[in-house]
Amino acid sequence: MKEELRRLVDRKAFHIGVLILIIFSILIIVGFVCLRYQVEGEKNIPFVISKMLVISSAEGVDNSIEVEGNKWNFDINQNNDIYLYIEKNEDDKKLDSIKEVFVKNIKIDKASEKGEFKTYKPDSNNPEVLFSNKEEMRVDNLEYLVDGNANMKNMKITNQGGIIVFRCANDKIAKYIGNDEEINHNLLLQKANVAKEDLQCNIQFDVMIKLNSGKNFETTIKIELPLKNLIEEGTASQEYSDSNSFVFKRVKE
């Protein structure tokens, strides 16, 4: 019995089989580690998105065309303002600082063909509002630069974090023509008989944080817009405060 076992071990095929088994085991371990990284991302990164605030609303824009017998003639925009709070990770003790922050690869999947989906940066020229749905404010990607003082309207954060904000709008989703004494913009979607299906969409975008150490971290964020009960309530807001849901991975530029 021992001689047969010795002859089996000495065979070339046996050694090849053991080698294949080892390689296969290593591949399983590597695959498990890669899968875990895809799900959990980097651990203890220098900066995190501590929370995200989304505000959905509607506004009427006077299109300057008078309709006889009516006081108002509005194009209705459905706006979604997204605020991302970037902060130093308290669990990371390494000294590092932010160089730039980018919002890019903005993609939209709409349930309806109504309206025109556009992305806007803050309007630094208008002191009255944070955003203006004007063509000159329209962007495909956003870049936030570092400055001594954070300023949302001027798209600036400090090297230790700040708030970045942009607007995803469904412009001209409907029209409202009427002769009301006063107009409540929060009720325009109701007045124009806009259906939820006309507004529903899924948005996806990437946030990249570039550090002065040369490291770059990126996360992909997905949101369903607009927020629930917008038509009934006229405005809606929601805060996403689980920082672990924003999975960052290290990337090369």
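User: In this predicted model, a residue counts as buried when its relative accessible area is under 20%. What percentage of the 253 residues in the chain is buried?

Analyst: The cut-off is a relative accessible area under 20%. Applied to the 253 residues of the chain, it gives a buried share of 40%.

User: How many helices and strands does the chain have, and what share of the contacts between residues at least 6 apart in sequence joins residues at least 24 apart?

Analyst: The secondary structure comprises five helices and 11 strands. Among contacts between residues at least 6 apart in sequence, the share joining residues at least 24 apart is 73%.

User: Which strands stand at the edges of the open sheet of six strands?

Analyst: The pairing in this sheet is mixed, and the strand order is β6-β5-β3-β8-β9-β11. An edge strand has a single partner, so one of its sides is left without a neighbour in the sheet. The strands in that position are β6 (156–157) and β11 (249–250).

User: Is Glu-100 buried or exposed?

Analyst: Glu-100 belongs to strand β3. Beyond its neighbours within four places in sequence, Glu-100 is in contact with Glu-143, Tyr-144, Leu-145, Val-146, Met-208, Ile-209 and Lys-210. Because its relative accessible area is 13% and the limit is under 20%, Glu-100 is buried.

User: Which element gives the largest share of the lining of the largest pocket?

Analyst: The largest pocket holds about 350 Å³ of space. Its lining has 19 residues, and those nearest its centre are Gln-200, Leu-225, Pro-226, Leu-227 and Lys-228. Two or more lining residues come from each of β3 (98–110), α4 (196–199), β8 (201–211), β9 (216–225), α5 (230–233) and β10 (235–240). The largest share, three residues, comes from α5.

User: How many residues in the lining of the largest pocket are charged?

Analyst: By class, the lining includes nine nonpolar and four polar residues. The number of charged residues is six.

Conventions. Residues numbered from 1 in each chain as written. Predicted model: local features only at pLDDT ≥ 70, side-chain atom pairs only at ≥ 80, totals over all residues. Heavy atoms only, no water. 1 Å grid on protein atoms, 1.4 Å probe; cavity = no way out; pocket = protein on both sides within 12 Å on 5 of 7 lines; lining within 4 Å. Points joined across faces, edges and corners; volume = space filled by probe spheres on them. Helix = DSSP H or I, 4+ residues; strand = E, 2+ residues; numbered from the N terminus. Nonpolar A, V, L, I, M, F, W, Y, C, P; charged D, E, K, R; others polar. Buried < 20%, exposed > 50% of the residue type's maximum accessible area, 1.4 Å probe, protein only. Contact = heavy atoms within 4.5 Å. Pairing = 2+ DSSP bridges.
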